[in-house]
Amino acid sequence: MVAEKRQIVIPGETIVSGNEFLPGDGVYRDGDDVVAGVYGIVNVFEKHVRVSPISGAYYPRRGNTIIGTIVDITFNGWLIDFGGAQNAFLPVAEVPRYINKNEMQEFLDFGESVIIKVWDVKSRGVDVSMKMRGYGKIGGGMIISVGPNKVPRIIGKEGSMVKLIKGATGCDITVGQNGKVWIYGKDTDSEVTARKIIEFIADNVTVAGLTKKVENFIRELGLKTGSVEIIAEDTDGGEQ
Amino acid sequence: MAKGLYTKRNSGRKMDEVRPMSAKVGIVPSADGSAMFETGKTRAIAVVRGPRTLHPQHLQNAQTGILRVSYGMMPFSVSDRIRPGPNRRSEEISKVSEWALSSVVDLSGFPNTVVDVFIQIPQADAGTRVAGLNAAAMALAHAGIPMKEMVSAIGVGKIDKTLVVDLDKYEDSDYHEGEGSTDIPVVVTSRTKNVALLQLDGKISIPEFKETMEMAKKACNEILKVQMEALKNIGGSNE
């Protein structure tokens with residue numbers, strides 16, 4: 001069996017045979033065969049074989065931008081629920097300002113939402129940071145949940161889809177890889193419109209030529225698809 | 001093959017013929033993984049949630065995630081009403097299904113977590129545990145759970161002196177002539193062709209048993225094709 005590009009495999013299926021291939025994520029070696037260990041799409045790069053899941057729960061990977069909620073405060077950091085198997089840990093040291101350990105909830109309190117970056121993924125948990133630009137506490141707007149498997153379509157190629165929505169509504173949009181989207185606009189109306197567009201994309205992820213459809217949908221809502229003033233330029237929801 | 005009373009199947013099928021099957025993946029959009037599997041009049045749906053943190057904490061395993069399977073028949077699944085809620089039979093099937101699926105899933109990457117598999121039978125015509133397992137295997141794959149291989153399950157057996165595949169309700173519980181009926185649910189793994197579950201209700205000789213196992217393995221290959229088809233033709237839809 002020779003692997004085709006973007007072929008879907010099921011667990012236990014032989015992807016390629018031969019000792020020269022290197023098994024990566026989601027695959028294992030059984031004798032000469034490289035076998036899928038998870039349901040997903042095959043990626044063969046040079047001799048490196050891996051399978052990336054196309055459905056299911058969100059599994060954090062290093063470098064991901066995620067949106068979560070503070071669920072616990074410990075003596076040296078915060079625990080954040082981001083919809084994964086375990087909670088993420090944000091140490092005091094990974095916060096961009098000095099924190100008095102006696103007054104940690106002054107900075108981040110229970111139930112508050114944050115945009116964070118996955119720093120390290122271990123089997124016991126996830127370490128996160130918010131020391132870089134574009135990360136931090138969410139202080140307004142709305143967070144909607146679309147599911148992790150729709151994120152690539154909402155971001156679009158090199159962030160094109162997010163740019164389109166930002167341009168049409170004037171809202172600032174951050175897409176978390178865990179399937180949560182933060183929308184922040186001048187007023188609630190523009191935020192609601194942005195949500196409508198994102199939900200439209202989420203309902204049509206399988207459609208080919210989605211950008212055209214979204215442009216039409218935006219026009220139906222009575223908005224322009226050209227560039228409108230954007231209130232904040234520096235979010236990085238665009239990077240996959 | 002000794003001559004028996006059961007020379008022609010009630011349903012008109014050949015002795016080694018399985019009922020018409022269909023399968024679908026992603027039937028519950030809010031779940032992490034879901035699937036439906038149907039053979040004849042038996043239909044099973046399976047929903048997977050997780051991995052998620054396991055509570056109460058004392059049930060957690062710090063070395064690996066655990067699998068928890070719950071099987072249940074819906075009250076309207078048979079012509080008599082079934083009292084909803086767990087009973088001795090459903091607890092047993094939950095447990096054996098859990099063992100069968102545990103042999104292929106690998107949750108070592110998710111310590112202290114649980115993966116819940118819910119199997120429900122909306123319509124029953126015998127072979128519900130195997131239909132449930134077929135659906136559960138697809139739902140686990142769909143949930144992106146690491147698995148060494150898939151599993152396929154089938155009920156085989158003996159009716160009077162005749163060996164058959166995929167018993168229906170009449171053959172399983174209503175046939176009492178001659179030697180009566182023997183029912184053997186078998187779960188076969190997709191790659192190594194190992195047996196992950198084997199139960200036997202009735203009487204059968206060793207040579208006959210060996211023959212039924214061969215029939216089961218052949219039928220499981222057919223089932224695997226249906227499961228594979230459903231998973232591959234998902235078209236990136238749902239969830």
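**Figure 1. Chain A of the predicted model, overall view.** Helices, H or I in DSSP with at least four residues, and strands, E with at least two, are DSSP runs numbered from the N terminus. On this basis chain A has five helices and 16 strands. The structure is a predicted model. The C-alpha trace of chain A extends over about 60 × 50 × 25 Å along its principal axes. Of the 240 residues in chain A, 41% are buried. Among contacts in chain A with a separation of 6 or more, 57% join residues 24 or more positions apart.

**Figure 2. Domains of chain A.** The domain assignment divides chain A into domain 1 (8-53), domain 2 (65-137) and domain 3 (142-220). Taken over C-alpha atoms, the centres of domain 1 of chain A and domain 2 of chain A are 35 Å apart.

**Figure 3. Surroundings of A:Pro60.** A:Pro60 sits in the loop that runs between β7 (48-53) and β8 (65-74) of chain A. A residue is buried if 20 or more other C-beta atoms lie within 10 Å of its own; A:Pro60 has 23 C-beta neighbours inside 10 Å and therefore counts as buried. Apart from neighbours within four places in sequence, the contacts of A:Pro60 are A:Ile66, A:Gly84, A:Val118, A:Val121 and A:Val126. A:Asp33 is 27 residues from A:Pro60 along the chain, and the C-alpha atoms of the two are separated by 28 Å.

**Figure 4. Helix α3 of chain A and its cover.** Helix α3 of chain A comprises residues 160-169, and its buried residues are A:Met161, A:Val162, A:Ile165, A:Lys166, A:Ala168 and A:Thr169. The elements covering these buried residues include α2 (151-155), β15 (172-175), α4 (188-203) and α5 (210-220) of chain A. After α3(A) comes A:Gly170, which has a positive phi near 75°.

**Figure 5. Surroundings of A:Gly185.** A:Gly185 belongs to the loop between β16 (180-184) and α4 of chain A. A:Gly185 counts as buried because 22 C-beta neighbours lie inside 10 Å. Between A:Gly185 and A:Cys171, 14 residues apart along the chain, the C-alpha separation is 4.2 Å. Not counting residues up to four places away in sequence, A:Gly185 touches A:Gly141, A:Thr169, A:Gly170, A:Cys171, A:Asp172, A:Ser190, A:Glu191 and A:Ala194. One of these, A:Thr169, is also among the buried residues of α3(A), and A:Gly170 is the residue that follows α3(A).

**Figure 6. Packing of helices α1 and α2 in chain B.** Two packed helices are described by the angle between their axes and the distance between the axes. For α1 (residues 88-102) of chain B and α2(B), the angle is about 45° and the axes are 11 Å apart. The two helices, α1(B) and α2(B), are therefore oblique to each other. Their crossing, that of α1(B) with α2(B), is right-handed. From α1(B), B:Ile93, B:Ser97, B:Ala100 and B:Leu101 take part; they meet B:Arg129, B:Gly132, B:Leu133, B:Ala136, B:Ala137 and B:Leu140 of α2(B). Classed by type, the residues in the contact of α1(B) with α2(B) are seven nonpolar, two polar and one charged.

**Figure 7. The contact between chains A and B, seen for chain B.** Chain B contributes 28 residues to the contact and chain A contributes 21 residues. On the side of chain B that touches chain A, at least two residues come from each of β3 (42-53), α2 (128-142) and α4 (206-232) of chain B. The most are given by β3(B), with four residues. This side of chain B is made up of ten nonpolar, eleven polar and seven charged residues.

Notes: Residues are numbered from 1 along each chain as its sequence is written. Chains are lettered from A and ligands numbered from 1 in the order in which they are written. This is a predicted model: local features need pLDDT of at least 70, side-chain atom pairs count only at pLDDT 80 or more; totals for chains, interfaces and linings use all residues. Two residues are in contact if their C-beta atoms, placed from the backbone, lie within 7 Å. Ala, Val, Leu, Ile, Met, Phe, Trp, Tyr, Cys and Pro count as nonpolar, Asp, Glu, Lys and Arg as charged, and the others, Gly among them, as polar. A residue is buried if 20 or more other C-beta atoms lie within 10 Å of its own, exposed if 12 or fewer, and partly exposed in between; C-beta atoms are placed from the backbone. Domain bounds come from an automatic or database domain assignment. Axes are lines fitted to C-alpha atoms, for helices over the stretch in contact, and angles run from 0 to 180 degrees between N-to-C directions. Angles under 35 degrees count as roughly parallel, over 145 as roughly antiparallel, 65 to 115 as roughly perpendicular and the rest as oblique. A crossing is left-handed if the near helix is turned anticlockwise from the far one by less than a right angle, and right-handed if clockwise.
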